[in-house]
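Take a look at the structure below. Then read on, one part at a time.

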Amino acid sequence: MTDMSQSESVSGQSKSVADAERTRKVKKRYAAERRFKFYGLLAIALALGALTWLVVSITAQGYTAFVQTKVELNVYFDPQVIDPDGNRDAKILSKANYAALYRKAIRQQFVDVKSRRDRRDLARLVSSGADLELRRMVLSDPSVIGKRVKVWLTASDEVDQFHKGAFTRDLPEAQRQFKDKHIGWYDELVKNGQIEAKFNTTLFTSGTSREPELAGIWGAIVGSFWTMMVTLLISFPIGVSTAVYLQEFAPKNRWTDLIEVNINNLAAVPSIVFGLLGLAVFLNFFGLPRSAPLVGGLVLALMTLPTIIIATRAALSAVPPSIREAALGVGASKQQMVMHHVLPLALPGIMTGTIIGMAQALGETAPLLMIGMVAFIVDIPGGPMSASTVLPVQIFLWSDLPERAFVERTSAAILVLLAFLIVMNFIAVLLRKRFERRW
Amino acid sequence: MDTAVVEPNSDGTEAPKGVIDDRGEPMENAKIVARDVNVFYGEKQALFDVNLDIPENRVTALIGPSGCGKSTFLRCLNRMNDVIDICRVKGRIEIEGQDVYDPALDVVQLRARVGMVFQKPNPFPKSIYDNIAYGPRIHGTVTSKAELDEVVRSSLEKSGLLKEVEDRLDEPGTSLSGGQQQRLCIARAIAVSPDVILMDEPCSALDPIATARIEELIENLRERYTIVIVTHSMQQAARVSQRTAFFHLGNLVEVDDTEQMFTNPRDERTQGYITGRYG
């Protein structure tokens, strides 16, 4: 500014100096703007890059888990083994030694394998869960008994991994359990077209297992479902009513200020602390069952409450005062104003907040470890009281297992969890778009 | 025009210097009587000893520069100020002898009797029909659908909107133009059959043509309702009102017949404002 007044006092030549000065400043401003834009783009590119890397690496590791290698065997459903009395009693059928059937089938194919040890190893090309598959076949259709049928059976995880190329025959024999003789048998089966990768239904239909080829995430999904149900049923009504009361009815004084500060702080409490609280209160004090979705849901509800309350309050305060005045002006009571006008208008925002909160809860692991949802549970949970685990905990458990085949399954489970989260967030975005401000 | 107006200060009480208001006995056709009304927002006082009579079936205009307290006073009449936590009202406001601030009085009943139209048109984001039907519904003044239909029709008729929206009652109220929205809001206020309608700068967000229509409507409504209108425009006050009150810095400076006020103001502040020296 002082330059300007000086240059004014002189004039002529100094006027062009002032012009040059101004041009320089404009240029500087433009440059600053460009730089700022560049930083923004750079940040976005970095974030997108990290995200892409994450998704690509998980997908690259996990996509193979969606198929499972199967072995085709010519199984003779021997009546002597399955049903010696011939009366087709379901009890007897379900107790038969089905493992003997597929073992016999594979030994018949490789008649030149003689030693006891090799014969045992040969049978291990097929998953130890294959007997269940045969049993299921017989139970659903007993007419196969006495027939010779070509059946696709789940291969063992070593065959599966070798077939998918997780390791190759170049690997020194000492470093793999899948020995050269196994590879020989495998080659023979491949030559006959008896090995094929098929869609892995097991992954989506069964609970976890020690055998990777038999392990699925359905148990964890159902457990997550029950947990989320409990969380939603508890946190949504409590959260919304709390927010409505605090935002619309509560007097503004020191107490409500204190409550508000505490709610905001609660949102920042580490989740493991909620787990400890659940352990101390729900398990030890109230004696609720360990590993149950009910308790998991309660703990996650506590964790989700602040998210829902804060989102609901924001949505309520975004409803313009003119609508409130309009309602009050025609003689609506405060409660009618809230119920008829404010709450319906705030609902999309509330739903969005709730879905985001639920998505957060769905991915939560730490607090559930504290209340025993980390147990190894094979059965599909039947309800909120039965022992179960949840998806993220299942992922955590699988990531710890030594079998090579669990690596891809862990990644696949992560992909499924991510898919759920993306769907939930997508619904939240959709809701927000669909019910955008209408005033 | 209005011969019944009682001369201010006719009972001889001493008014503060320069304040020419309605203290003492109310005028004989007064619908609303306000005496010694003081309003505080927290520590700050917004109105000082306002004494004002509002005559029945007349339009009373409240004028004055921004922040003078005219809207505050208007909102006292149907207790819209209750919404503001820090707002306190002292003094007495009576509508036909009923104390508005009587703790036993049900504020919902009061607001059904004293309707309000706001500065910015604020229809509910619902259909035109539901906008008007909302009041009768919550007050339970109608018993059948046919009756409700009739109330909606007659309210639209009275607010001069019926012809324009007759065949699209189920369209959202927010799809109307600004002026139509404001008339919809008037229809909504009328639907609960109030005695008094308060209007808080109802035309400030409208164009001149829409404004003219609203003013025409106000003139028609005067036969049935007592209307109090806050306005920024002195021309508007002169056009639509029979009585005018001039507020300045929280004081009611002068109140008189509109004609009298605009031709021969007694207070120099009033004169200054209406001649455009400040405001």
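This is a predicted model: local features need pLDDT of at least 70, side-chain atom pairs count only at pLDDT 80 or more; totals for chains, interfaces and linings use all residues.

Residues are numbered from 1 along each chain as its sequence is written, while chains are lettered from A and ligands numbered from 1 in the order in which they are written.

Start with chain A. It is divided into domain 1 (68–198) and domain 2 (218–434). These bounds come from an automatic or database domain assignment. The centres of the two domains, taken over C-alpha atoms, are 46 Å apart.

Next come the strands of chain A. Helices (H or I, at least four residues) and strands (E, at least two) are DSSP runs, numbered from the N terminus. Two strands pair if DSSP finds at least two bridges between them. Strand β1 (residues 67–76) of chain A pairs with strand β3 (residues 195–199) of chain A over five bridges, in the antiparallel sense. Here A:V67 stands opposite A:F199. Strand β1(A) is also joined to strand β2 (residues 148–154) of chain A by seven bridges, and these two run antiparallel. Find A:V75: its bridge partner in β2(A) is A:V149.

Now find A:T168. It sits in the loop between α8 (157–164) and α9 (180–191) of chain A. Is A:T168 buried or exposed? A residue is buried if 20 or more other C-beta atoms, placed from the backbone, lie within 10 Å of its own, exposed if 12 or fewer, and partly exposed in between. A:T168 is exposed, because 9 other C-beta atoms lie within 10 Å. A:T168 and A:I183 are 15 residues apart in sequence, and their C-alpha atoms are 9.8 Å apart in space.

Move to the contact between the chains. Two residues are in contact if their C-beta atoms, placed from the backbone, lie within 7 Å. Chain B brings 21 residues and chain A brings 16 residues. On the side of chain B that touches chain A, α2 (107–113), β6 (114–117), α3 (128–139) and α6 (178–190) each supply at least two residues. The most come from α3(B), with four residues.

Stay with α3(B). Its buried residues include B:I128, B:N131 and B:Y134. What covers the buried residues of α3(B) includes α4 (145–158), α5 (162–165) and α6 of chain B. Just after α3(B), B:G140 takes a positive phi of about 65°.
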